[in-house]
Amino acid sequence: FIMGNWVARMPSIKSNHNLNNGQLGGVLVGAVGGALLCLPIVTYLCKAVGSRIPLYIGGLICTLSLPFVGLIIDNNEISLISLILGLIGIGFGLAFIDISVGSQAILFEKDSGMQCMGFFHCFTPFGSICGVLIGGFMAKEHISTFKQFIGVGVLSLILSSVAACYTYNKIEEDLILHTWNDKQKEKLQDHTTNTINTTTSDTGAGAGTRRPLLQEELDNPLITVFYDPYEEPGVEPGVEPDGDMSINTPLLDHTHTTNSNINTNSNINNIDPDRPHKWPTILYLFGLVGFICYIIESAMSDLSILYVSETLPASPFISAISYALFSCICICGLILSDQLISTYHIDPIVLLVLGTILGSFGLIFLVIAPSIDPWLGSNGGSNSNIPLIIGFIGIGLIGAGVSLIEPIIFSMGGKVQMQVGT
């Protein structure tokens, strides 16, 4: 909702501050910088006090920062500093809100067993559409950006506060995580028992075979995390490391199993808390994919209207439709991703690849769209609508790709378990 209002008034703010595209891009870095600065803080707070309190804090920070974005005074330098500080604050507050809501969504999935990450995230583009409509109306009525952003900040604080009242508190979060971990341990014990019936006879020390997929993995592909705990420094694939890997291995993992390392009487609760833990490699890959995905989404949110209005070009009304199109397709894709996984049992990895392909083609379409009309003119024909159509197709493909990737990396990343180091 906040970003929708910002996008709708961006042309006015750009004009009021006499910014060119390069300067506007530099100013927008402030929001990204604010988000990066707060990540360690909000992560610590969510772990220490739960994700409800950071949601309150994020709404308050956004409310206090928004008026600085809309402040226009005679001294242009002070106005520009105010704009940059306001965007840093907005980035700071929105990061609090995003991480808190993502944490709540992961907890709800673990508590209910439902696939609903896309449904949680679809409210983001829906809020953007509402924000664009309100911002466009404010611009049409010539209401100052300062007054508009004060009202938007107050409304955002009310909405975030009301939403926080219905979230899990710290005690409930700990209970959900404890219950979920217990269920994983029970399934791991069942998996260890079932593996005895599927492993081959001993073929020598350190040799092993991969077990077949369990039925629960086939039925619930989302919670199957593909990484190999044997890929550790100094350990060759297929060679059994020291210790009982049934302790170090997450629940649903394609593990090398041998008769020698199966111990049905082993107590999986006997994990030394002082032993170091490390995040598996797959989690860093999820982070990299999410980083790229959010760069593209932020560029579309901040610059899609300017791209359509100035590069293609198009009227202000058509430019606003481009962002609405992006948001609508994101809503459809986010909801569809849940259905494809939970109802049709599509492997999340397939959806990740599909989203990457769609997004890549969308970016290619955006790059070639401005050069289509000159090319047609040089070949004896011209149609000013063709670049606009290609640009809209590119925006739609990017929205489809982003909406497939985001909920999956959030949901799968939240279900990855740390490995116990040596």
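## A helical chain, from core to surface

Ile-368 sits in helix α13 (residues 348-378), where helices are DSSP runs of H or I with at least four residues, strands are E runs of at least two, and numbering starts at the N terminus. Before going further, a word on the model: this is a predicted structure, with local features needing pLDDT of at least 70 and side-chain atom pairs counted only at pLDDT 80 or more, while totals for chains, interfaces and linings use all residues. Residues are numbered from 1 along each chain as its sequence is written, and side-chain values use heavy atoms, with hydrogens and water left out.

Back to Ile-368. Its relative accessibility is 34%, so Ile-368 counts as partly exposed; on this scale buried means under 20% relative accessible area, exposed means over 50%, and partly exposed is in between (1.4 Å probe, protein chains only). Ile-368 belongs to a nonpolar surface patch together with Ile-349, Val-353, Ile-357, Phe-361, Ile-364 and Val-367, and the patch has about 610 Å² of accessible area in total. Patch members need over 30% relative accessible area and no salt bridge; nonpolar side chains (Val, Leu, Ile, Met, Phe, Trp, Tyr) are joined within 5 Å, and like charges within 9 Å. Areas come from the Shrake-Rupley method with a 1.4 Å probe, and for residues only the protein chains shown count as cover.

Now the overall picture. The protein comes to 14 helices and 4 strands. Of its 422 residues, 43% count as buried. The accessible surface is about 21000 Å², and carbon and sulfur atoms account for 67% of that.

On to the inside. In soluble globular proteins, nonpolar side chains tend to be buried together. Here the largest nonpolar core has 51 residues, and the members touching the most others are Ile-2, Trp-6, Val-69, Leu-83, Leu-87, Val-308 and Phe-326. Helix α14 (residues 385-414) is the top contributor to this core, with 10 residues. There is also a second, separate core of 5 residues, with Cys-38, Val-42, Cys-46 and Ala-95 among them. A core here is a set of buried Ala, Val, Leu, Ile, Met, Phe, Trp, Tyr and Cys residues joined through side-chain atoms within 4.5 Å. As for Trp-6, leaving out residues up to four places away in sequence, it touches Ile-13, Leu-28, Val-69, Leu-83, Leu-87, Phe-149 and Asp-302.

The disulfide count is 0, a disulfide being a pair of cysteine sulfur atoms within 2.5 Å. Cys-165, by contrast, is partly exposed at 48% relative accessible area.

What about charges? Side chains of opposite charge can pair when their charged atoms come close. The salt-bridge count comes to 2, with the rule being a side-chain nitrogen of Lys or Arg within 4 Å of a carboxyl oxygen of Asp or Glu.

| Salt bridge | N to O distance |
|---|---|
| Lys-14 with Glu-310 | 3.0 Å |
| Lys-170 with Asp-174 | 3.4 Å |

Lys-14 is buried at 12% relative accessibility, whereas Glu-310 is partly exposed at 42%. Lys-170 and Asp-174 both lie in helix α8 (residues 170-196), 4 residues apart, or about one turn of the helix. Lys-170 is partly exposed at 25%, and Asp-174 is partly exposed at 38%.

Asp-338 lies in helix α12 (residues 316-342) and is buried at 5% relative accessibility. Apart from its neighbours within four places in sequence, Asp-338 is in contact with Gln-115, Cys-116, Met-117, Gly-118, Phe-119 and Thr-343.

Finally, some backbone angles. Asn-18 has phi near 55°, a positive value in a residue other than glycine; Asn-18 sits in the loop between α1 and α2 (21-49) and is exposed at 63%. His-345 also has phi near 55°; His-345 is in the loop between α12 and α13 and is partly exposed at 43%.

Definitions and conventions:
Contact means heavy atoms within 4.5 Å.
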